[in-house]
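Here is a short report on selected features of one protein model. Please look over the sequence and structure before reading on.

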Amino acid sequence: MIDMARIQFGILADTFHAPVKGELAFIPDFLILVDLRGDIVATFHSDDVDYGVHLNALCESLTLITVEKGQYLMPGLVDLHCHAPQWPQAGKGLDLPLYDWLQNYTFPLENRYSDLAFADTVYQDVTRTLLASGTTSAVYFASIHREASELLASISLEQGQRAFVGRINMDNAEQCPAFYRESSVEQSLADTEAFIHNVRGLKGNEHGLVKPVITPRFVPSCTETLLRELGKLVQHHDVHMQTHCSESDWARDYALQHYGKSDIEIYADAGLLNNKTVLAHSIFLTDNDVAVMKEFDAGIGHCPLSNMYFANAAMHTRELLDSGVSIGLGSDIAGAPSPSIFRASFDAVTHSRVREDGVDSRLVAAERGVTGSRVSFVEAFWMATAGGGRVLNEKVGVFEKDFHFDALVIKPSALGNLRIWQDMDTPRDILEKIVSLGQRCDIDKVWVQGKQVR
């Protein structure tokens, strides 16, 4: 028998989650018990022997939350790649090549975050927006400014969001503008190490809701010396690492021309890869790259919409999923304009369908696309939840014992387009509709670590 004194609350709901890649679990009247730390103590199906006993105990103690019929509980969404300082840039300049977009829009904007008042305004807004969009775990690129990056971590903690925040490292004078790059390897490392200690030491962050992430921007922006020294910090502090990986022809070619290696090989040689690594994009991967990623258990942050604008090619999502590489989804604000991981899930499906069907109507159907490359809505939902948790090596994304209770309630709103027809829609239909049509107005409640934050 569970010690009910340890229980903060129980929640009773028709529930979606996807513990197994490609398999949807819909559980009517699912009962979840959450302890005082915000972790899941136990779960019960309605036909389990102890279901009624625990349900009655929760009712007697007035600690039962009941989600109404017609509303649905699901795990919080995981955004593996979001540039928080680029939030004001969302929707701008998407017609430009990546290099020009960075030089003309991104670097001038990111340089403004030396102004903490400006940073506070943007970071308050972007964290609130992501939480309202159902993103309970967000992996943020910040800027090169240590104090502003620590401010983002502090705001995430205040908002109650599970956040992984990175102060960007970029020192290559050949690729980074003089007004926006770090002065030296030594200064970069000193600021990074201070950032790690300061984020871990934030008041109220004793349980690590917000974590520091070592963040070399990408291969072209960093000298080889900086990459290797950052790798030493990854190993010494056992922290998450995030970066861009083989995002475009230009980025891929830069690595090959300057190092004679792929991005993955460069990161591995520098000691940057571990089982908490998030490699955004990862479009141009070789078979050896995939083998190295699996060796380190490094994961991919798939950003389908921004890939359509900047990648010059489609990610081999189907093949990578089948290979066993860990994959989640990223919004890639502002390389894509939408903060919604539901939108990223929909785009992941769409991206794969275009790849499967092909685009050149002058070719016959059998030659037009890549046969068998589609990704299902269930697989996209898995990437948005359990897959993202797996990439981060965090116990989020499913409703199982010992996992953190990060969750949201979907309540279809008349203000949006989501409509559920109970007599016509199967659970799989409902999930597909939520992914395809769900908007912020349909997200009624959000919990992170057992605390309701919306």
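Which side chain does His 237 join through a polar contact? The partner is Glu 193, and the polar contact between the two side chains is 2.8 Å. The model is predicted.

His 237 sits in helix 6, which covers residues 224-237. Its relative accessibility is 10%. Buried means under 20%, so His 237 counts as buried.

Leave out residues up to four places away in sequence, and His 237 touches Glu 193, Ile 196, His 197 and Arg 200.

## The largest pocket

The largest pocket holds about 400 Å³ of space. Its lining has 18 residues. Closest to the centre are Arg 37, Arg 162, His 207, Leu 209 and Gln 449.

By class, the lining of this pocket has eight charged, seven polar and three nonpolar residues.

## The second largest pocket

The second largest pocket holds about 160 Å³. Its lining includes Pro 19, Trp 382, Ala 386 and Gly 389. Arg 390, Asn 393, Glu 394 and Val 396 also line the second largest pocket, as do Val 398, Glu 400 and Phe 403.

Helix 14, residues 377-392, gives the most to this lining, with four residues. By class, the lining of the second largest pocket divides into six nonpolar, three charged and two polar residues.

Conventions:
Residues numbered from 1 in each chain as written. Predicted model: local features only at pLDDT ≥ 70, side-chain atom pairs only at ≥ 80, totals over all residues. Heavy atoms only, no water. 1 Å grid on protein atoms, 1.4 Å probe; cavity = no way out; pocket = protein on both sides within 12 Å on 5 of 7 lines; lining within 4 Å. Points joined across faces, edges and corners; volume = space filled by probe spheres on them. Nonpolar A, V, L, I, M, F, W, Y, C, P; charged D, E, K, R; others polar. Helix = DSSP H or I, 4+ residues; strand = E, 2+ residues; numbered from the N terminus. Buried < 20%, exposed > 50% of the residue type's maximum accessible area, 1.4 Å probe, protein only. Polar contact = N/O pair within 3.5 Å; in protein donor to acceptor, adjacent residues only side chain to side chain. Contact = heavy atoms within 4.5 Å.
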